[in-house]
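This report looks at one residue inside a protein chain and then at pairs of charged side chains. Please keep the sequence and the structure in view while reading.

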Amino acid sequence: MFDNVTAYAGDPILSLNEDFQRDPRSDKVNLSIGIYFDDAGRLPVMAAVDEAERELVAQRRTRPYLPMAGIADYRAAVQELVFGADSAALREARIATLQTIGGSGALKVGSDFLKRYFPDSQVWISDPSWENHRVVFEGSGFQVNTYPYYDGATGGLRFEDMLKTVEGLPAESIVLLHACCHNPTGVDLSQAQWEAILPVLRARRLIAFVDMAYQGFGSDLEQDAFAVRALTDAGVTCLVANSFSKNFSLYGERCGALSVVCRSSEEATRVLGQLTCTVRANYSNPPTHGARIIARVLGDAALRSNWTAELAAMRGRIQVMRQAVHSGLEGHVAGRALSRYLDQRGMFTYTGLSPDQVDCLREVHGVYLLRSGRMCVAGLNQRNVGVVAAAIASVLKHTPANW
């Protein structure tokens with residue numbers, strides 16, 4: 001019956017992670033998957049999260065099905081965190097928000113919603129972008145194109161080329177944008193560059209779909225939401241997918257949200273209704289536990305303050321690791337090849353290594369990166385950062401034929 005079913009090639013990131021697990025070497029280093037580890041190499045349990053969870057468990061609540069849109073307190077907390085407590089759109093009830101199964105679920109619900117109401121539109125993602133962006137939008141039936149983004153020669157941004165491409169897009173094109181900590185490159189638009197592209201999006205009547213999976217890992221919670229808030233204030237039609245996997249270290253709880261900024265509260269009510277219809281056709285309703293934890297932390301002043309401080313410490317540790325790699329490579333590389341480790345932001349850095357050099361890192365040194373050269377800086381710690389820097393320096397000195 002299923003003879004015509006072809007084999008699945010696998011997700012490149014998850015497949016590489018499985019290869020790492022099978023590697024018998026004790027000194028191997030996994031810098032492939034986008035997960036934050038602490039300096040001991042462990043997945044952290046944040047103290048604010050732990051306290052909120054203990055309080056919730058002590059209450060011994062029942063676990064009924066949630067509404068299709070999710071927990072009301074959670075959705076309200078998302079809106080305040082993403083758009084700001086003083087948001088005019090929030091005061092005017094112009095934002096339709098629903099709880100989703102992680103950031104990926106938000107992208108999928110948003111993609112299916114857009115395909116129903118903009119069937120002839122096409123999607124534009126950055127070159128490069130997170131691999132699953134293309135998968136999700138193509139899965140909804142969209143044609144997916146790319147706009148210029150990363151400059152391999154400088155390790156920076158091709159902003160003028162990006163802007164020129166966006167200026168030429170047809171009306172109602174869907175433009176996928178990264179709010180902060182661009183995955184996979186770590187290269188972000190500056191606030192001035194965001195302010196330059198906003199009027200283009202509005203004048204061309206483009207639909208901005210913002211993915212914000214790393215709020216708090218770039219500058220801070222407020223500055224990392226600059227793009228979302230600027231789009232909203234500028235009156236650009238936009239959708240926002242956000243995730244709490246990283247900044248709450250709740251990966252397996254799959255907590256995210258999708259928000260749509262509308263022109264009126266009446267429009268937001270209609271949009272929310274159709275979003276819940278889309279949820280019903282996908283997974284019916286979201287899970288309970290993780291969302292209750294997040295709503296508890298964000299809704300309690302003391303817990304929120306503690307969580308914000310913990311997140312700042314995580315962000316600071318990543319910056320220390322960036323500086324350590326930079327120091328370890330001084331004398332081996334220079335210029336933009338070196339400065340990118342400090343200039344790029346968030347959990348990822350595009351190292352500029354070729355696929356052959358990445359293969360050498362893995363096979364000879366046991367250091368796992370994606371073949372694109374993406375390094376998860378959050379996987380480094382005081383014990384392995386020197387080893388990784390030395391391995392990169394060694395690979396840069398040798399051609400593949402001389403491994």
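A strand, as the word is used here, is a DSSP run of E with at least two residues, and strands are numbered from the N terminus. The model shown here is a predicted one, and the values below are computed from it.

Is Leu239 buried or exposed? The relative accessible area of Leu239 is 2%, and because buried means under 20%, Leu239 counts as buried. Leaving aside residues up to four places away in sequence, Leu239 touches a set of residues from several parts of the numbering, including Gly110, Phe113 and Leu114, then Ile207, Ala208, Phe209 and Val210, and also Leu258, Ser259 and Val260. Another leucine, Leu176, lies 63 residues from Leu239 along the chain, and the C-alpha atoms of these two residues are separated by 9.4 Å.

**Charged pairs**

Side chains of opposite charge can pair when their charged atoms come close. How many salt bridges does the count give? Counting pairs in which a side-chain nitrogen of Lys or Arg is within 4 Å of a carboxyl oxygen of Asp or Glu, the total comes to 20 salt bridges.

| Salt bridge | Closest N and O atoms |
|---|---|
| Arg25 and Asp23 | 2.7 Å |
| Asp161 and Arg158 | 3.1 Å |
| Glu266 and Arg270 | 2.6 Å |

The accessibility of the partners can be read pair by pair. In the pair of Arg25 and Asp23, Arg25 is partly exposed at 27% relative accessibility, whereas Asp23, at 9%, counts as buried. In the pair of Asp161 and Arg158, Asp161 has a relative accessible area of 34% and is partly exposed, and Arg158 is partly exposed at 31%.

Where do Glu266 and Arg270 lie? Both residues belong to helix 10, which spans residues 265–282, and because they are 4 residues apart in this helix, about one helical turn separates them. Glu266 is partly exposed, with a relative accessible area of 45%, and Arg270 is likewise partly exposed, with a value of 47%.

Salt bridges can also link several residues, and here a network of them joins Asp359, Arg362, Glu363 and Arg371.

Terms used: Residues numbered from 1 in each chain as written. Predicted model: local features only at pLDDT ≥ 70, side-chain atom pairs only at ≥ 80, totals over all residues. Heavy atoms only, no water. Buried < 20%, exposed > 50% of the residue type's maximum accessible area, 1.4 Å probe, protein only. Contact = heavy atoms within 4.5 Å.
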